[in-house]
Amino acid sequence: MNLAVLIPVKAFGDAKGRLAPSLGRAERERLARWTATQVLAASADLQPHVVCDDDEVAAWAVSHGATVIREPARGLNAAVDGGIAHLARHAFDHVVVVHGDLPLPASIAAVAATCRAGTATLVPDRHRDGTNLLAFPVTSGFRVAYGPGSFARHVELATAAGLEVCVIDDVDLALDLDQPDDLLDPRVQQAVAELLGDQPPGTEPPDNGTVHPR
């Protein structure tokens, strides 16, 4: 199986808008870069590709050994679809789509090792609402549909595409830093505090930047 990891990454300065009540823009940018770097490092042996529309993100990805796929700013689903089309043109037959805001991504390789032809593999977030990892054959006709409730929607779409569905509940991959209370998870609280200069999340006045929900 010729498998690649696809990591959609938006401009670091525009990322994590839902954390604006707790963190200022500079802190959100630092956090987004840190988690994306963690995810890329965990995917290093899995032919990682970063799909983005930002020059800074592209340069960061290249510096960490990833292949860059440039897609215009048309939203997450369109970016992922464009990335998958690129992989299909380059002879990949299976894709693992992983979000770049996972602070504990070490088990990406272990999950990727379970992928099989004709199967969609899903790791839901800890609320079983979003889809933090999604793997499937690139030529299956399956189309991603991220947004609220994406986990249940992806299960339905995979079944409709004739794929066997494999759901893996991985407690580490289930954690994304998407909401203010995610920053308080004891597994990452110290690392986040150190990253933000030993300042507990929420103590710095937030900015009034636009919120961009995933």
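1. Strands here are DSSP runs (E, at least two residues) and helices are runs of H or I (at least four residues), numbered from the N terminus. This is a predicted model, where local features need pLDDT of at least 70, side-chain atom pairs count only at pLDDT 80 or more, and totals for chains, interfaces and linings use all residues. Residues are numbered from 1 along each chain as its sequence is written, and side-chain values use heavy atoms, without hydrogens and water.

2. S4 has two neighbours to look for. With S6 (residues 131–137) the pairing is antiparallel, over five bridges; with S1 (residues 3–8) it is parallel, over four bridges. Strands count as paired if DSSP finds at least two bridges between them.

3. Which way do the S4 residues point? His94, Val96 and Val98 point one way and Val95 and Val97 the other, and all are buried (buried is under 20% relative accessible area, exposed over 50%, partly exposed in between, with a 1.4 Å probe and protein chains only). In a regular strand, side chains alternate between the two faces of the sheet.

4. The whole structure holds 15 salt bridges (a side-chain nitrogen of Lys or Arg within 4 Å of a carboxyl oxygen of Asp or Glu). Arg33 and Glu56 form one, with their closest N and O atoms 2.3 Å apart. Arg33 sits in helix H1 and Glu56 in helix H2, 23 residues apart.

5. Glu71 and Arg74 also meet in a salt bridge, at 2.8 Å from N to O. Glu71 is buried at 14%, whereas Arg74 is exposed at 52%.
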